[in-house]
Amino acid sequence: MKPVDLAIRLEWAVVAAVAVVFYGSAGLSWWLFGLLILAPDLSMFGYLTGPRIGALAYNALHILIVPMLLLLAGHVWGNATAMAVALIWIAHIAIDRALGYGLKLPTGFQDTHLGRIGR
C-alpha cells in the first residue's frame with residue numbers, strides 16, 4: 001500500500017472514531033447504533049438491477065452531504081434522534097472509506113473513486 005493510501009485510510013479511521021466518540025458522549029442508545037450501522041449497505045440491493053442503478057443507489061447512501069446536513073439540523077433544532085442517525089451514518093461511511101471502499105463507478109461494484117476493490 002502506498003503511503004498516501006495509508007494516510008487516506010488513517011484519516012477516515014479517525015473520522016469514524018470521532019463519530020463514535022461523539023455518539024457515545026451524547027448518551028445515545030447503543031442498540032440503535034448496532035441496529036443502524038450497516039443500514040446504508042442495504043443500498044447494494046440496487047445492483048440487482050444493474051451496475052448503473054446499483055452505483056447510483058449505493059452512492060446516494062454513501063456520500064457525506066446528507067448525514068452532515070442531518071447532523072447540523074439535529075444540532076440546531078436540538079433533535080437527538082437526528083444527531084444519532086447522522087453520527088451512525090457518518091461512522092458507517094468513514095469505516096467503509098478506511099477499509100478502502102469508495103463511491104462506486106457505474107462500470108461495476110469493484111470500481112470506486114478510490115480505485116479497484118480486490119485483487
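A contact here means heavy atoms within 4.5 Å. In this predicted model, contacts were considered between residues at least 6 apart in sequence, and 52% of them join residues at least 24 apart.

The chain holds five helices and three strands. Their order along the sequence is α-α-α-α-α-β-β-β. The radius of gyration is 15 Å, close to the 14 Å given by the globule rule for 119 residues, so the chain is as compact as a globular protein of that length. Along the principal axes, the C-alpha atoms fill a box of roughly 40 × 35 × 25 Å.

Burial and surface were examined next. Of the 119 residues, 35% count as buried. The chain exposes about 7300 Å². Carbon and sulfur atoms supply 74% of that area. Charged side chains number 7 positive and 5 negative. The centres of these two sets lie 6 Å apart.

Helix α3 spans residues 51–60. Its buried residues are G54, A55, Y58 and N59. They cover an arc of only 120 degrees around the axis, which puts them on the same side of α3. An α-helix has 3.6 residues a turn, so residues three or four places apart point the same way. The face turned away from the buried side of α3 carries R52 and L56. Both of these residues are exposed. Helix α3 thus has a buried side, with G54, A55, Y58 and N59, and a face turned away from it, with R52 and L56.

Strand β3 covers residues 115–116 and includes R116. The relative accessibility of R116 is 57%. Exposed means over 50%, so R116 counts as exposed. Leaving out residues up to four places away in sequence, R116 touches Q110 and D111.

Conventions. Residues numbered from 1 in each chain as written. Predicted model: local features only at pLDDT ≥ 70, side-chain atom pairs only at ≥ 80, totals over all residues. Heavy atoms only, no water. Helix = DSSP H or I, 4+ residues; strand = E, 2+ residues; numbered from the N terminus. Rg over C-alpha atoms; globule rule 2.2 N^0.38 Å. Buried < 20%, exposed > 50% of the residue type's maximum accessible area, 1.4 Å probe, protein only. Areas by Shrake-Rupley, 256 points an atom, 1.4 Å probe, with all protein chains shown as cover. Lys, Arg positive; Asp, Glu negative; His and termini not counted. Charge placed at Lys NZ, Arg CZ, Asp CG, Glu CD. Arc of directions from axis to C-beta.
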